[in-house]
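Subject: Structure handover, side-chain contacts

Hello,

Here is the structure for your files. My notes on its side-chain contacts follow below.

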Amino acid sequence: MIFYARKIFRKAGINYTFVIITDRDDLDRQIYKNFLDTGTVSKAEAAQPKDSDEMRKMLGQNKRLVFTLIHKFRWDKGAKYPALSDRDDIIVIVDEAHRTQYKGLAENMREGLKNANYLAFTGTPLLGRDKKTEQWFGSYVSEYNFVQSVDDGATVPLFYDKRVPEMVNQNQELGDDFYELLDEANLDDLQQAKLEKQFATELEVIRRPDRLDRIAEHIVYHFPRRGYLGKAVVISLDKFTAVRMFDRVERLWKDAIKELTGQVSKAEGDHKVNLKKRLEWMKRVEMAVVVSDESEEEKKFTGAGLDIARHRQRMNKIDANGHDVEFNFKAPEHPLQLVFVCAMWLTGFDAPTVSTLYLDKPQKDHTLMQTIARANRVTSWKIDGVEKKNGEIIDYYGVFRNMKKALKDYAQGPGEEPPVQEKTALLKLLDDAIMAGVEFCATMGILIGGLLESQDVFKNLSDFQRHADALISRDEWRKGFAIHENTITSLYEACKPEVLGNPVVRKVAVFQYLRGIIDAIIEQQDLDAVSRKIGELLDASVVVDESHAPTVAEGETKPAFAIIQRGKTWDLSRIDFEKLKSEFKQAPYRNIEIADLRAFLEKKMAEMLKVNSTRKDFAQRIQEIINRYNAGGASNESYFDELVKFTKDLKAEDERHVREGLTEDELELFDLLKKEKMTEAEEQAVKLAAKNLLARLKQGTPRILVQEWFKDSQSKEQVRSTVKEVLDQQLPDTYDRALFTDKCNRVFDLMIDYASHGLKWVA
């Protein structure tokens, strides 16, 4: 809408007026704010009428943009709606062209703005026999479906899991009246009475206390055991049921925390760490009911034996930061994780970290599509290192009997696969990913199939060392394996919690453990974190302390294993090079020895570059050695010998500042200032110049390295002048003007670079 309006203003002039129509207050506020935030309109140019009279007045003026609700086109029944403007340069943009945009209020709008142009945006046009959306707004300008958005990475794929409680005897042939009534965000008393009378049996089944208890139990089990612990929405039949579900989940949640606290006190080792982590997360979680307000609300809820007052207080509360409940739920880091709704926040509401919907409300067609789209938003926000790769819908009502038709109508093109699949498909994808990983390793002669089938896989850790040694031998092999492991781990996380207790978890553990060994060597990581991760995996595969999942067979114990730690603790100043060569010749896994040394050198080289930026030739040299080996131009032995020679030179470089009688910072300036073929006297002069320049910059008066000096042109010029002044006095006379200017510029550029990144002595 914003791009369209801006283009019209740019291409066709500013005489056009846009009327932005929605059917909900929160959408109206959201769109108005977005137009303001993008500078598309100023507050002076925009109009947001407070009532019908003010709206009619504003539409008679030449406002650039008017933001209003369709409900403000109300008029006395039977009376003709007055003309508001006969202009033909008014463009009415309707957001979410739902049922409120046809007949009634919409007819009044078109009567009042007869010459306006009408454009609708919707993800869910009304199809059916009449195809009302096309009737009222014309044919499609552009279509973009679910499948395309997933392929583009604009949304994440969705998976659903049917969890319909067994006691439900649901009517498979509910009439359209039932769904139309439920579509209303706020049923008036007559609509509610009609719903209760006509569909009493169905409503009674949905609201049965024992059924709600079963659903609450599953939510409390499922919510903390997912892979991506994103936010979630519980969608109930009506406001009363939403509050009842909150009460049940809150009570069971507290019980679960007590039970888990006891388990933590009895557990040991990694199992204790993992349980404690879950306990801490559960204690942080906040929940809220979010339903619309209505007259005599407290009286109605009290009559149903429910307390709405505390929920309304939470909904209306503004926290110490000035944020409301909606802001807090959208904020990824806020502990408000779970909300209970019936109609609010199901359309036009974007909270990207929402990853799970617990759906217990009859829906179909456009309403169903709008609802499930709450979980398909993309986010870069990681939770405990896990990315959001998909959304999940837990279906308690059996809604997805309507899903095939809805997906066909709204979400996919001809011949395309449905963009929403049953969650069992994820397990199949996980199996396929594991097989692909096995085949990838097999192409390099690395046979890990036996490890995947072994019940005592972690008792023979030498197999892992052997496989790691082979994978490390070529960078492309190691990187290829990492891609397969990433895919396997992502799918495993997406399969939680249903995958817990499944034997496939052991296979995932094999890939993660092998990856952990490689990363510990290549990235010089501590394997404690990997140990805890594998421990969690193995706990999940053989021991789960909840009644909902498999338990350990009698006599079975949790698997014990030890993480393979790196054999060496590197200290460049103490390396015995002859011993290093001797150990390499005797090592059973030489690629691991090479990778260990190389990883240390790369890490040390990066540290030394941070201290002295002039050492780039060392970085280029080690990269040339690595490239030559990867290209097959060196054997293991010669590769190791080259790395050892490089290590000797790096050690000498690391100690050079001592031999030169300089600090590390003084050495860096000296390296920048020196020239080729200096006499001993010139060398001493340049050293003195480096020392004096550093002292002047850090300690001299007047102070020139003030905070953020590099952002101010006057401050920068003062620093540049000081550098020139000191060097002009200190550098040897053999430095001609061109060389002197070049050295001054190099020092100044280095200072700008460090200061802009907040680094070192010039920050």
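A residue is called buried under 20% relative accessible area, exposed over 50%, and partly exposed in between (1.4 Å probe, protein chains only). By that rule Glu664, at 22% relative accessibility, is partly exposed.

The model is predicted, so local features need pLDDT of at least 70 and side-chain atom pairs count only at pLDDT 80 or more, while totals for chains, interfaces and linings use all residues. Residues are numbered from 1 along each chain as its sequence is written, and side-chain values use heavy atoms, with hydrogens and water left out.

Salt bridges

There are 54 salt bridges in the structure, each being a side-chain nitrogen of Lys or Arg within 4 Å of a carboxyl oxygen of Asp or Glu. Helices (H or I, at least four residues) and strands (E, at least two) are DSSP runs, numbered from the N terminus.

- Arg615 and Glu664 form one of them, with the closest N and O atoms 3.5 Å apart. Arg615 sits in the loop between helix 25 (590–611) and helix 26 (616–630) and Glu664 in helix 29 (residues 664–673), so the bridge ties together parts 49 residues apart in sequence. Arg615 is buried at 2% relative accessible area. Both residues belong to a salt-bridge network that also includes Glu653, Arg656, Asp671 and Lys674.
- Lys239 bridges to Glu294, with a closest N to O distance of 2.9 Å. Lys239 is in helix 11 (residues 239–266) and Glu294 in the loop between strand 8 (286–289) and helix 13 (297–303), 55 residues apart. Lys239 is buried, with a relative accessible area of 10%, whereas Glu294 is partly exposed at 27%.

Aromatic pairs

The whole structure gives 22 aromatic pairs. Rings of Phe, Tyr and Trp (its six-membered ring) pair if their centres lie within 6.5 Å; planes under 30 degrees apart are stacked, over 60 edge-to-face, and the rest tilted.

- Tyr32 and Phe67 have ring centres 5.1 Å apart and planes at 65°, so this pair is edge-to-face. Tyr32 is in helix 2 (residues 25–37) and Phe67 in strand 3 (residues 65–69); both are buried.
- Phe240 and Phe301 make a tilted pair, 4.5 Å centre to centre with 35° between the planes. This pair links helix 11 to helix 13.

Charges over rings

The charged end of Arg110 sits over the ring of Tyr118, 4.1 Å from its centre. The criterion is NZ of Lys or CZ of Arg within 6 Å of the ring centre and within 35 degrees of the ring normal. Lys648 lies over the face of Phe577, at 5.6 Å from the ring centre.

Regards
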